[in-house]
Amino acid sequence: MIKTKNLYFKYEEDIILKNISIEIKEGSFTAIIGANGSGKTTLAKHFNALLMPAKGEVLVGGTSTKKDELNARKKVGFVFQNFEDQLVYPVVEEDIAFGLENMELGNEEIKKSVDEILKELNITHLAKRNVNTLSMGQKQLIALAGVLAMKPKCIVFDEPTTNLDEKNKKSIMGMIRSLNKKYRMTIILITNVLNDLRYADEIVVLKNGIVIFSDKKSKLESSVLKEARLYD
Amino acid sequence: MIKRLTFGQYRCKDSFLHSLDARIKIIYVVVLGILSFGIKSKFEIVVFSLFMACIVLLSKMSFKELIKNLRPFYFVFIFLLLMYLIFSRDQIILGLRYIWRFLLLIIISMLLTYTTTIQELIAAIEKLSKPLKVFKIKPRNMAVMISVAVRFIPLMFIRFERTREAMASRLADFRKIRHIKLLVLNLLEKMLRSASNLSDAMHSRLYNEDIESRKFMKLKSCDYWSVAIIAILILIIY
Ligand SMILES: Nc1ncnc2c1ncn2[C@@H]1O[C@H](COP(=O)(O)OP(=O)(O)OP(=O)(O)O)[C@@H](O)[C@H]1O
Ligand SMILES: [Mg+2]
């Protein structure tokens with residue numbers, strides 16, 4: 001689904017990502033784990049062409065992101081770490097429709113998709129609400145709904161459970177899992193919580209912009225996590 | 001888009017200009033600014049330019065840095081020059097003179113931000129604006145307003161960038177006016193919201209506009225020296 005080949009990236013003079021070659025398999029549940037500032041978000045932004053590698057390339061469905069941004073953006077949805085900054089319209093249902101409008105669907109179709117998603121996530125009662133008056137957990141759901149509505153093949157979740165209480169954490173993680181299991185969607189979960197690894201079947205461990213592990217979960221050893229400074 | 005936003009171009013260096021009192025420097029910017037508009041004859045312009053060259057040397061700003069800091073203004077200079085070339089070619093010498101004076105003015109204010117930290121500037125503005133109390137303008141409000149702006153503007157850019165990215169990943173196209181409008185409105189709304197959050201946070205930490213900062217500022221010998229130098233310059237020109 002997604003492949004990076006010898007990817008390098010830098011902001012100004014600081015090299016943030018070094019020689020990253022990983023593959024994210026279609027239909028897999030991949031967790032990218034690493035300490036704060038290890039470059040997880042920066043790496044994930046390459047998957048839907050928000051960032052372009054300084055060296056190397058990223059292939060989404062076999063096409064380089066440099067050649068076709070739109071392809072990458074359509075295939076890979078992104079639920080951001082700061083979901084407050086990703087709601088663009090003031091009214092919930094308008095916001096969910098934003099991506100669909102950009103896909104140039106007809107009004108009827110958009111309305112149908114939005115209603116479907118609202119029902120699926122059990123948030124029909126929020127449809128007319130102003131997004132700014134929602135709680136953190138509700139905003140998170142709207143952000144997810146906006147991405148889901150576009151029916152991408154793959155979704156990146158950037159630390160989706162920070163800011164949420166235990167109940168919402170469980171329900172979001174449950175939802176992510178069912179997207180993977182029921183709808184065969186490729187999931188990329190960015191996290192720094194070891195506990196989240198239990199849902200994943202593939203793990204990528206990042207440390208200071210270098211991949212120190214990338215394989216099936218069964219092969220992961222605790223020494224790797226120690227090296228990534230995820231616990232002491 | 002905006003990778004790194006630096007406010008002003010402060011560089012920590014050990015120079016005569018860096019050691020001057022920020023209040024004095026602000027006053028000089030005003031005085032020199034007025035002077036730069038007053039100079040007319042060739043003689044005055046040459047003297048003033050030489051003087052500016054000396055100040056630049058005193059600030060230890062390298063030629064490379066000078067050129068780099070002026071980069072945002074190149075467009076304006078070229079535009080002005082073109083205007084003169086197109087509309088009043090006979091006055092081109094006069095035009096060049098205007099542009100040169102404008103350049104000097106920019107360098108004057110640039111030197112202030114180059115040699116003074118934001119904190120020093122804010123404290124100095126607070127002290128200098130004390131006389132404004134007569135007009136019911138509170139110095140503390142001025143100072144806080146500036147420091148809030150200094151902290152906020154880069155933050156606004158970061159949030160702007162985040163929203164832009166989120167919109168792009170839902171296939172927004174920023175060649176469309178509609179999407180640009182949406183992005184800008186969104187930013188405005190966030191700005192107002194953060195401002196109101198900030199005001200709550202400030203009040204809950206007992207913000208009081210009547211208190212004056214207790215920062216103490218005292219003039220040093222180098223400050224008195226600089227006054228003498230400027231006085232001589234004014235005497236030469238007039
Ligand atoms: N816009 C930017 N300009 C300059 N440096 C940046 C920028 N964005 C991120 N960085 C730097 O890149 C590095 C990696 O950042 P990144 O956001 O990818 O980390 P992360 O692993 O997602 O961390 P966290 O768990 O805190 O979200 C950090 O050192 C950060 O300071
Ligand atoms: Mg991150």
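A:Gln81 is partly exposed, with a relative accessible area of 28% (buried means under 20%, exposed over 50% and partly exposed in between, with a 1.4 Å probe and protein chains only). This is a predicted model, in which local features need pLDDT of at least 70 and side-chain atom pairs count only at pLDDT 80 or more, while totals for chains, interfaces and linings use all residues. Residues are numbered from 1 along each chain as its sequence is written, chains are lettered from A and ligands numbered from 1 in the order in which they are written, and side-chain values use heavy atoms, with hydrogens and water left out.

The magnesium ion (ligand 2) has A:Thr41 (OG1) and A:Gln81 (OE1) as its protein donors, at 1.9 to 2.5 Å (donors are N, O and S atoms within 2.8 Å of the metal, or 3.2 Å for Na, K and Ca; water is not among the atoms, so sites may look incomplete).

Turning to the interface, 29 residues from chain A and 21 residues from chain B take part in the contact (heavy atoms within 4.5 Å). Five salt bridges are counted between chain A and chain B (a side-chain nitrogen of Lys or Arg within 4 Å of a carboxyl oxygen of Asp or Glu). One salt bridge joins the side chains of B:Arg159 and A:Asp85, at 2.9 Å from N to O. On the side of chain A that touches chain B, helix H2 (69–75) and helix H3 (92–102) each supply at least two residues, and H3(A) gives the most, with six residues.

Key. Helices (H or I, at least four residues) and strands (E, at least two) are DSSP runs, numbered from the N terminus.
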